[in-house]
Amino acid sequence: MAAGGRASGRPAKKKGPSKGAGGQGRRSLEGKGATPPAEMRHWYKDKARAERMAREERGGVRRPAPARQRRSEDAPEYIGGRNPVLEALQAGVPSNALYVAQRMDNDDRVRDSIRIAAERGIALLEVSRDKLDRLTEGAVHQGIVLQIPAYDYAHPSDLVELAQDAAEVPLIVALDSVTDPRNLGAIARSATAFGAHGLLIPSRRSAGVTGGAWKTSAGTLATMRVARAANLTAALREYREAGLFVIGLDGAGETDIGDVDLLNEPLVVVVGSEGKGLSRLVREQCDVVTRIPIQAAAESLNAGVAAGVALYEVARHRRL
């Protein structure tokens, strides 16, 4: 009889197929998925920050601003950029705090800004660039930001009193539907250069004295008073009742600014927006609607440029 096993006498086991893994190793065989996009990699944030800093130092393109929430009228404003901040401090603009980015490369403008802020007792704060990005709502700040308090607007009648106190013929600039704060700042700069006594803006649908206006004004808003009226038409009517003449500046005007015979009189020059010009109600309050003669190819002038040309013409007539 043939042997059925080893010496133990147990019957030999029939060899069958071996058991499989039953799917238990399937997970280890799976891939790790698609390659993640750059913004999900750990090095992306540092690289993006370095590129942004390099763009700012070269005067790069403004970053798209995030959706802006409605700002309270008594909320502080912020001026960003090395030249604008230094100019604002040198002009004595009221300021609450000076923010400086951590580990930034100082130059003479930054050092002078820090020195003036220290001399004036303005708080100095070292913060991250992300913090400066939030304060300026994505605008180019070059690592330095100045916080200024909400602007204290004058009453429209205060502008006439300023001229009377100086024993000068009143010259006031009113803005109708000018919504870009950079235009407001540019007009304030021209108004200061040509001897105006103040600016008048409406409370609604108009640019206000914001950080952008301060930046463009190159510090002149520190001395140029800005009044705000709940109703611009009513304020112009009151000026006329007080003896001032109102001249509207509009591309559709019928008289050239140099031919107006009221430029030596107590005057309000109303500047309309570049696109819409003067509104109908404001136009009705004007004694004269005048234009700046330009070549037809130009079509129109920016509101800030038009105000500067008109104020120069007024100043020229008053010197004659």
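Which residues does leucine 199 touch, not counting residues up to four places away in sequence? Leucine 199 touches Leu159, Val173, Leu184, Ile187, Ala188, Ala191, Met224, Arg225, Val226 and Ala227. Touching here means contact, with heavy atoms within 4.5 Å.

A word on the source. This is a predicted model, where local features need pLDDT of at least 70, side-chain atom pairs count only at pLDDT 80 or more, and totals for chains, interfaces and linings use all residues. Residues are numbered from 1 along each chain as its sequence is written, and side-chain values use heavy atoms, with hydrogens and water left out.

Now the core. A nonpolar core is a set of buried Ala, Val, Leu, Ile, Met, Phe, Trp, Tyr and Cys residues joined through side-chain atoms within 4.5 Å. Buried means under 20% relative accessible area, with a 1.4 Å probe and protein chains only. The largest core has 60 residues. Tyr99, Leu146, Val173, Leu184, Leu199 and Trp214 touch the most other members. Helix H11 (residues 303–319) gives the largest share of this core, 6 residues. Helices are DSSP runs (H or I, at least four residues), numbered from the N terminus. Apart from this core lies another, of 20 residues, among them Ala229, Leu232, Leu278 and Cys286.

Next, helix H3, residues 82–90. Its buried residues are Arg82, Pro84, Val85, Leu86, Ala88 and Leu89. Just after H3, glycine 92 takes a positive phi of about 80°.

That's my tour.

Conventions. Buried < 20%, exposed > 50% of the residue type's maximum accessible area, 1.4 Å probe, protein only. Helix = DSSP H or I, 4+ residues; strand = E, 2+ residues; numbered from the N terminus.
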